[in-house]
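Hi there,

Here is the structure I promised to pass on to you. Have a look at it first, and then read on for what turned up in it.

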Amino acid sequence: MKANRIRSSREDRAFSFVAYTLATIALVVTLYPLIYCVSASFSDPMEVVRGNVLLFPKKATLLAYQAVAKNQSMFTGYANTIFYTLIGTSLNLIMTIAAAYPISKRDFRGRNAITVLFTITMFFSGGMVPNFLLIRDLGMYDSIWSLILPGCVSAWNLVIMRTYFQTAIPEEICESAYMDGCSNLKTLIRIVLPLSAPIIAVMVIFYGVGHWNSYFNALLYLRSRAKYPLSLVLREILLQGVGQEKTGAEVIDSVADLLLFETLKYAVIIVSSVPMLLLYPALQRYFVKGAMVGSLKG
Amino acid sequence: MQHTAMGSRTPFQRFAYSWKRSLLKYWDLYLLILPVIVWLLIFKYRPMYGTIIAFEDFSPSRGVLGSKWVGFKHFERFFNAYNFEDILMNTVKLSVFQLIFSFPMPILLALVLNEIRNKRYKKLVQTVTYAPFFLSTVVMVGLIDAFLYPETGLLNVLVMKLGGSSVNYMAKEEYFRPIFIISHIWKGTGWSSIIYMSALTSIDPQLYEAARIDGANRFQSMLHVTIPAILPTAIIMLIRDCGNIMDVGFEKAFLMQNDLNMGASEVISTYVYKVGMVNSQYSYSTAVNLFNSVINLAMLLVVNKISKTVSETSLW
């Protein structure tokens, strides 16, 4: 390294400068809207509207967050989304492992047919109406299963998982366990899964984020407000202009409430995004590994 | 011993034997995968079978098999619809522009990050640029709406401070595509760069040393070592993106759509939703969607074929 530094030429220094500049631009451009969002949510609404909040909160207040806390729909939506995410992700994991482990075995007959069946679903799907009719025919309309079952196994994730089992778990381990009379299922649970923590973390992120952010299935398949996930409540508050009535403030005619809505928007965004933004740095080191496995051809 | 025994069998016997052996050895795994196959057939293949209604005048009470067969009637109706050309062009423009502008970004970011020698700074930039990926589409559009809000949104407040006048960007057709694409780049670039970063980790450091000994500076090393190393990944991603060319983020277009920007924001997927789910024209909506899928599939096959011939990289 030291030798390199001595030899580094003027062009190299210029090149390095350009790289750092571009990286810094990417950093600032990505970060600024998020910082603004946080600052605005903690600021006095009047300061936000006047454009006095640029980087740091002005006349810091928790008013917006208090309004969010009082909002019953937000609360229900939040609880529903946590519930759907937990149940959904667990089922995703079980089903994906249940499909990926068998087809990772080279002498498992039928693995090619199953792989082809899944690959087709990557590029072709029934579409909105046939899916909707199916959900209705199955009697799942307005039930939580309509959000969880249709996306139970993602073909992409299945391929990633299968490839991981094939490349990261030595075949001899499973074979010798089998020779010792250990059933395949037992081998999977006792030996393979404990060795698969990185890929399971990647799956938790992929599926978990999907459930947390999912919006459209709920729009199509749910009717009762009591079952609405966070995303549908967010849409009402943020995008349909009916936010004001739903902010928890009963009287909306007052200018103060209208004004409060300006910071409430940001508070709502922060409150709903924080769990995912906290979860991912914890699992970040696994991403590259997961992406690497997944990038290999199926 | 097994080998000699198998040599004397017919292909069918060998086939039956290997199945028997597999079933005996893996019977518990067959039980394990069974529910997944049942799920696959019900939730993926049953709807595919359901697309038959695109060729029928489907009535829910008669079912898929009982409804009247009408051939390509609904497709013709779509092709002759007064807004067919607009919807098709909106879809194509949105996705092609999005592909052109956003595709190179993650590659650029990965190349830049690869040149950052300060590990902690590199990690910081990575962590921050991944973050927007974790925002939901609803939040994303809410954020755009809040920033661009007339009179009180950040952008308009700043413009007005500088003496300009407030513009309702979300209600103007001409801003729809730029807003859509810029926000897409903001949200996805960091996350998409991961795959290129992982391709970069597999480059043999000796290649860089060899380049340096040959007198290459860092820019030349990037040109002749780094870029060729990530090119196959880039081609794979390009083929995949082309295969989804007609699937421009439906949720986002749907959420950003309003009566005033409809001229640019009405794309095939939002139209499918409108005629199918709002107006309950099930067969017509399915036909439009099928048309969309067929174009996607055709694009995928064509691009894959081109890539196979030109660069010997392909999806299969």
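For chain A, buried residues make up 41% of its 298 residues.

Before going further, please note that this is a predicted model, in which local features need pLDDT of at least 70 and side-chain atom pairs count only at pLDDT 80 or more, while totals for chains, interfaces and linings use all residues. Residues are numbered from 1 along each chain as its sequence is written, and chains are lettered from A and ligands numbered from 1 in the order in which they are written.

Chain B has 16 helices and two strands, and chain A has 16 helices and zero strands. Both kinds of element are DSSP runs, numbered from the N terminus: helices are H or I with at least four residues, strands are E with at least two.

How does chain B compare with a compact globule of 316 residues? Its radius of gyration is 26 Å, whereas such a globule would have one near 20 Å. That radius is taken over C-alpha atoms, and the globule rule is 2.2 Å times the number of residues to the power 0.38. The C-alpha atoms of chain B fill a box of roughly 90 × 75 × 40 Å along the principal axes.

Between the chains, 78 residues of chain A are in contact with 78 residues of chain B. The chain A side has 52 nonpolar, 17 polar and nine charged residues (nonpolar: Ala, Val, Leu, Ile, Met, Phe, Trp, Tyr, Cys and Pro; charged: Asp, Glu, Lys and Arg; polar: the others, Gly among them).

Finally, find helix H7 (residues 128-137) of chain A: eight of its 10 residues are buried, so it is largely enclosed by the rest of the structure. Its buried residues include A:Phe132 and A:Leu133. Their cover includes H8 and H13 of chain A, and H2, H15 and H16 of chain B.

Enjoy exploring!

Conventions: Contact = placed C-beta atoms within 7 Å. Buried ≥ 20, exposed ≤ 12 C-beta atoms within 10 Å, placed from the backbone.
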